[in-house]
Amino acid sequence: MKRIAIALTVNGKAVEVVAEPREHLADLLRGTLMLTGTHIGCEHGVCGACTVEIDGVPQRSCIVHAGSCDGASVRTIEGFADDAVVAALRESFSREHALQCGYCTPGMLVVARDIVLRLPDADEARVREELAGNLCRCTGYRGIVRAVLGVLADRRAGSSRAEPR
Amino acid sequence: MTDASKGLGVGASLRRKEDARFLAGQGRYVGDIVRPGLLEVAFLRSPVAHARLAGVTKPPGSESSVFTIEDLPEVRTIRANSALPGFRVSEQPVLARGKVRHVGEAIAACVAASRAAAEDLAAACGLDYEALPAIADMTTAHLPGAPLLHEDWPVNAFLEIRRTDDVSGLDAIAAAKVTRTLRTARQCMAPLEGRGVLAEWDPRLEQLIVTTSTQMPHVIRSGLADCLGLDEGQVRIVSPDVGGGFGYKGILLPEEIVCAALAMRLGRPVRWLEDRFEQLSASANCREHHYVITAWADRAGKLLGVACEAIVDAGAYSSYPFGACLEAAQVGSILPGPYVLPLLSCHTVAACTSKPPILPYRGVARTGVCYAMETTLDALARKLGITAQAIRLANLVPPQAMPYRNLVGKVFDSGDYPEALRRAVAAIDVDRIRARQAAGEAVGFGLATFCEQGAHGTSVYHAWGIPFVPGFEQAHVRLSPDGVLEVRVGVHSHGQGMETSLAQVAHQILGIHPDKVRVVLGDTALTPYSTGTWGSRAAVMAGGAVAEACRQLADRIAVIGAALLQVSRADVTVEEGRVRRRGAEGSVGIADVARTWYRAPQNLPPGVDRGGLEITAGYRPDPDTGTHSYACHAVVARVDLETGAVVLEDYVVVEDGGTLINPLIVDGQVLGGLAQGIGTALYEEMPYDGDGQPLAATLADYLLPGTTEVPDVRLEHMATPSPWTSFGQKGIGESGAIGPPAAIVNAINDALAGLGAEVTDLPASPSRVLAAIEAARRRRP
Amino acid sequence: MVAGGARPGAGTQSLGPLLNLRLAQPETIADLRHLPDYAGVTRAGDVVRIGAGTTHAAIEDGAVPGRVGEIMATVARRIAYRPVRNRGTIGGSLAHADPAADWIGVLPVLGGSAVAIGPRGERRIPLAGFVTGIFETALAPDELLRAIEVPVLPAEARWGHWKFCRKVGEFSKATACVLAAPGTPPRAVLAALDRPPLVIEDAGALLADPADEAARIVAGLGEMAPWRSALAQAALRHAATAAGAP
């Protein structure tokens with residue numbers, strides 16, 4: 001089978017790989033690049049476990065062709081070590097018991113970070129709406145929702161302290 | 001210092017030790033593990049429910065990459081027998097032999113360098129079969145004249161069970177009698193991670209190493225060794241991080257056996273990872289029950305008796321190890337629920353159908369039985385004109401009767417069942433709901449009370465006679481030379497946080513900081529035998545075993561510590577991580593004891609106990625009939641009469657799990673189970689058509705609840721210790737998944753009561769709710 | 001490539017699952033996202049041109065200006081989930097023509113046209129007639145969907161959109177959209193019923209008497225499961241009411 005060459009940036013590093021035309025990004029990340037923090041849960045775009053950041057926004061890596069990522073910048077759960085928002089989310093996820101088996105957690109964090117940055121004023125209903133595309137089978141979601149709301153509240157409190165009017 | 005230290009033991013909401021790796025994406029699941037030379041397997045699976053198999057045509061040139069049962073003559077069939085009288089055991093070949101008995105049954109294993117290439121091979125295989133009639137409906141499957149799935153059986157039933165109290169006189173004396181026909185849906189358990197197997201043969205150790213996503217590594221080892229004709233020492237099972245279990249991974253898989261046989265045959269590591277389509281369309285299901293239930297009560301609502309005809313759709317095969325009848329055999333024994341019931345007549349059939357086998361899913365039979373009993377109670381209350389709480393209070397076992405043996409012989413250990421109900425009702429403004437109803441709103445209030453037998457042991461399971469009967473649970477504790485404690489247990493953790501809670505138990509006994517306690521799980525080479533994690537048993541059984549092993553280790557530590565302090569054993573205690581003199585100054589740290597034993601033995605006194613600082617201890621509660629946690633769920637639900645949609649406005653759980661080892665983790669268990677119960681109540685359904693074809697192939701068809709479907713549950717604890725367990729803890733892992741269908745449908749039916757409509761079948765989907773409303777409309781002129 | 005039989009792909013948020021399930025097995029997929037001006041929104045006079053490759057998320061975030069943009073942003077926010085919207089495109093969704101998808105149940109009421117490009121150049125296909133069947137469109141086999149052109153709407157245009165999903169992000173089980181703009185007859189579309197969308201060019205009767213007219217319209221669709229029929233009627237009633245019906 002014909003293979004295609006792809007050049008992309010993954011977690012800040014330029015990589016050149018070859019993939020089968022039918023390979024999806026999640027398989028490329030997990031297989032060729034051994035970034036197994038991106039999990040595969042359904043391979044039809046519903047469960048959200050494979051969510052990664054592509055060109056700065058969360059996307060489903062299981063329904064994105066590897067070949068279509070030529071030139072793209074991809075960030076996986078392994079690429080957030082220096083990210084303050086994810087650090088705060090990790091802390092609040094643990095505090096609120098927002099994870100059990102850990103399988104949904106990487107995708108959950110990628111989406112949660114997007115919520116925190118894109119919707120700083122989100123209330124509980126909005127957070128629940130935005131998280132609806134990430135399934136968790138263990139927690140019942142209460143901890144996850146509270147963890148995200150907690151980071152939002154902390155940031156609001158922090159920014160109001162930083163920018164007094 | 002003392003308070004801070006106690007703040008890490010039993011009862012502390014310690015954050016989980018395992019969180020850091022999961023939050024970093026460093027969890028290690030089967031699918032994350034690769035080996036040089038790895039071969040991937042895809043299975044050719046049956047496209048039809050029932051057929052005589054004439055043959056498989058392998059694609060030209062791939063004869064050595066495609067394996068059918070004829071190619072694996074050394075592999076035995078899976079037999080999951082039961083000691084229950086009349087049980088018919090199925091012969092389940094690991095790949096179809098002669099017949100296929102459900103859609104998705106594995107027929108051939110196709111091996112290639114990648115999964116995609118293996119799937120290409122499977123797609124290129126030819127399949128020659130003669131279709132036979134499907135047996136898709138459990139209500140007719142076992143009747144005479146139905147086509148037979150297992151042709152040497154007289155009927156399509158694994159088992160029939162009867163308990164026959166005489167209820168014939170109740171019509172004459174009862175103030176009310178109701179009969180309901182109820183149905184629960186076939187479900188998929190749907191952990192986010194599917195099953196996965198990586199099998200390899202180690203020629204040096206002459207050992208088969210199978211890395212598999214399982215809840216019960218030791219039981220899988222026994223089953224696998226048996227099917228492959230190996231001795232158990234030749235098999236090592238490793239279960240790494242498991243991405244959710246819920247019962248789905250409590251099974252010896254045909255795929256596990258096939259991968260192991262192929263790894264031995266090919267001398268290469270062989271892997272199969274279940275994809276979601278396989279999980280939904282081919283793998284084991286759960287929960288499908290049918291009830292015709294009648295209950296009688298006096299004017300005050302006191303139950304006089306219950307009669308029930310139940311059918312459980314057990315699918316095509318008896319799965320190893322739990323067998324086909326764990327659900328059916330329990331219907332009659334769970335029906336009395338938490339109530340004082342004088343008479344019970346119950347006939348249950350475990351029907352054999354051309355569908356995947358069923359497995360015990362979180363809650364096991366209780367979820368369906370609770371649904372049947374609790375909705376029937378509400379129907380009785382409506383007929384009597386009394387409230388849902390009144391009829392329950394009239395029947396709940398009172399606290400002064402504890403421990404209480406009910407009419408089927410179950411013994412409830414402790415608790416105040418009526419108080420849980422009172423608290424749950426008090427948490428909801430029922431008057432306001434009544435006012436809204438009076439104003440014409442379709443809003444309702446629903447209750448469910450139930451208890452959850454957990455950690456039931458030898459005395460219960462030997463009667464069922466399944467392939468394993470749990471006995472003494474073991475834990476191995478080992479003090480390292482640096483004073484770190486290793487705790488090795490044969491149960492497994494798949495989200496339950498046992499690396500944390502068992503460390504808390506060890507800390508409670510020894511005072512070693514939980515950060516210095518390493519809990520080792522999931523490897524038969526590293527852990528003592530255990531039947532694994534299922535049946536809400538780990539906190540009681542493994543918790544008890546770790547406590548027992550730590551107590552015995554404490555004694556060894558005390559002996560050495562006393563010698564180092566130059567006092568007698570009787571003059572020291574072990575606490576807060578040190579050996580201390582009683583009533584006097586002077587102590588030595590456990591780490592110093594360990595260092596002395598391992599690295600400075602010249603300092604040990606002559607005649608010291610040579611047993612060392614490793615202990616394996618066994619534990620079983622006495623009696624071992626199981627703890628009974630219990631709960632009351634109270635729900636406010638609003639029904640959209642136009643669309644049939646149900647909104648959960650409020651959800652209250654009052655739960656008693658005895659002493660909580662880690663309340664944070666217990667809350668997580670209850671809330672997670674609850675979300676699954678909401679799925680059972682409102683969303684999840686694996687429909688089969690008359691030809692036995694599964695109709696939900698993706699998660700767009702099989703709906704799992706998400707953040708917008710699960711409310712912000714209010715959870716309240718009572719904490720009545722069990723008198724039988726090491727800290728008073730009770731099994732509580734399944735409780736959350738038991739109550740929701742009953743409580744939610746009771747709330748829906750309360751909302752629809754004014755219309756005379758009742759939902760009877762699960763899930764209470766919009767179409768079913770609308771159909772119930774329409775049926776009521778048609779009944780009224 | 002497309003003329004040679006390649007399957008065009010944009011965000012592949014609908015095609016991807018079908019490929020993974022082996023329900024679609026194209027020989028070749030042509031990635032359209034590299035076409036010049038494939039994404040993006042421009043306004044020329046009274047027409048807004050939306051590149052077929054414009055993502056749902058861009059539309060959600062206000063890429064389309066004016067009143068029509070407000071309507072489209074509201075619809076976009078309820079398409080699947082944000083990570084899907086970040087890659088899925090309006091053109092891909094429309095050309096895929098899944099009967100339960102969102103844009104095919106909304107765009108016909110806006111008027112305007114789909115801009116197709118092929119070997120014979122560009123042509124415009126009215127949006128009301130673009131979807132011709134289940135997974136079928138008016139595009140010729142050698143044509144691609146290039147853009148969607150919709151007329152700008154006056155601020156006083158009223159509209160209603162209602163869809164029923166059992167859970168957030170799920171495929172709709174019944175969708176209706178009604179637009180009442182001054183100067184033209186109100187339009188309506190009823191979709192997500194396992195059949196191509198029903199476009200009602202003059203929905204005056206629906207706005208005048210939503211309940212009866214909804215029942216009449218749905219009855220005209222023939223045999224349907226009772227609950228889907230109930231949902232379809234509810235969709236039409238709610239959309240009509242939001243668009244100004246009494």
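In the predicted model, the side chain of B:Gln729 has a polar atom 2.9 Å from the backbone oxygen of B:Ala539, and a polar atom of the B:Gln729 side chain also lies 2.8 Å from the backbone nitrogen of B:Phe727. Both are polar contacts, that is, pairs of N or O atoms within 3.5 Å in which, within protein, one atom must be able to donate a hydrogen and the other to accept it; residues adjacent in sequence count only if both atoms are side-chain atoms. B:Gln729 is placed in the loop between strand E28 (714–718) and helix H19 (740–751) of chain B. Helices (H or I, at least four residues) and strands (E, at least two) are DSSP runs numbered from the N terminus. The relative accessible area of B:Gln729 is 1%, so the residue is classed as buried; the classes are buried under 20%, exposed over 50% and partly exposed in between, with a 1.4 Å probe and protein chains only. Leaving aside residues up to four places away in sequence, B:Gln729 touches B:Ala539, B:Val540, B:Gly543, B:Gly544, B:Thr627, B:Gly657, B:Thr659, B:Ile661 and B:Ser722, where contact means heavy atoms within 4.5 Å.

Residues are numbered from 1 along each chain as its sequence is written, and chains are lettered from A and ligands numbered from 1 in the order in which they are written. Local features need pLDDT of at least 70 and side-chain atom pairs count only at pLDDT 80 or more, whereas totals for chains, interfaces and linings use all residues, and side-chain values use heavy atoms, with hydrogens and water left out.

Strand E15 (residues 344–351) of chain B is mostly covered, with eight of its eight residues buried. In a regular strand the side chains alternate between the two faces of the sheet. In E15(B), B:Leu344, B:Cys346, B:Thr348 and B:Ala350 point one way, while B:Ser345, B:His347, B:Val349 and B:Ala351 point the other way, and all are buried. Strands are taken as paired if DSSP finds at least two bridges between them. Strand E7 (residues 157–164) of chain B runs antiparallel to E15(B) and is joined to it by seven bridges; B:Ile161 has B:Thr348 as its bridge partner in E15(B). Strand E14 (residues 303–313) of chain B runs parallel to E15(B), with eight bridges between them, and B:Glu309 stands opposite B:His347.

Chain A and chain B meet through 44 residues of chain A and 55 residues of chain B. About 3900 Å² is buried between these chains, 55% of it on carbon and sulfur atoms; buried area is the accessible area (1.4 Å probe) that two parts lose on being put together, summed over both. On the side of chain A, A:His97, A:Arg137 and A:Arg142 lose the most area to chain B, together 21% of what that side buries. Six salt bridges are counted between chain A and chain B, a salt bridge being a side-chain nitrogen of Lys or Arg within 4 Å of a carboxyl oxygen of Asp or Glu. One of these links A:Arg22 and B:Asp120, with the closest N and O atoms 2.9 Å apart. There are also 26 residue pairs in polar contact between chain A and chain B (both at pLDDT 80 or more). Helix H2 (84–95), helix H3 (105–118), helix H4 (124–131) and helix H5 (142–162) of chain A give two or more residues to the side that touches chain B, and H2(A) gives the most, with five residues.

The contact of chain B with chain C takes 21 residues from chain B and 15 residues from chain C. These chains bury about 1500 Å² between them, 61% of it on carbon and sulfur atoms. In chain B, the residues that lose the most area to chain C are B:Glu642, B:Thr643 and B:Leu703, together 33% of what that side buries. Three salt bridges cross this interface, including that of C:Arg22 with B:Glu119, in which the closest N and O atoms are 2.9 Å apart. Helix H3 (115–124), helix H18 (663–683) and helix H20 (766–779) of chain B each supply at least two residues of the side of chain B that touches chain C.

The peptide bond from B:Met402 to B:Pro403 is cis, with omega near -10°, as is that from B:Leu762 to B:Pro763, with omega near -10°.
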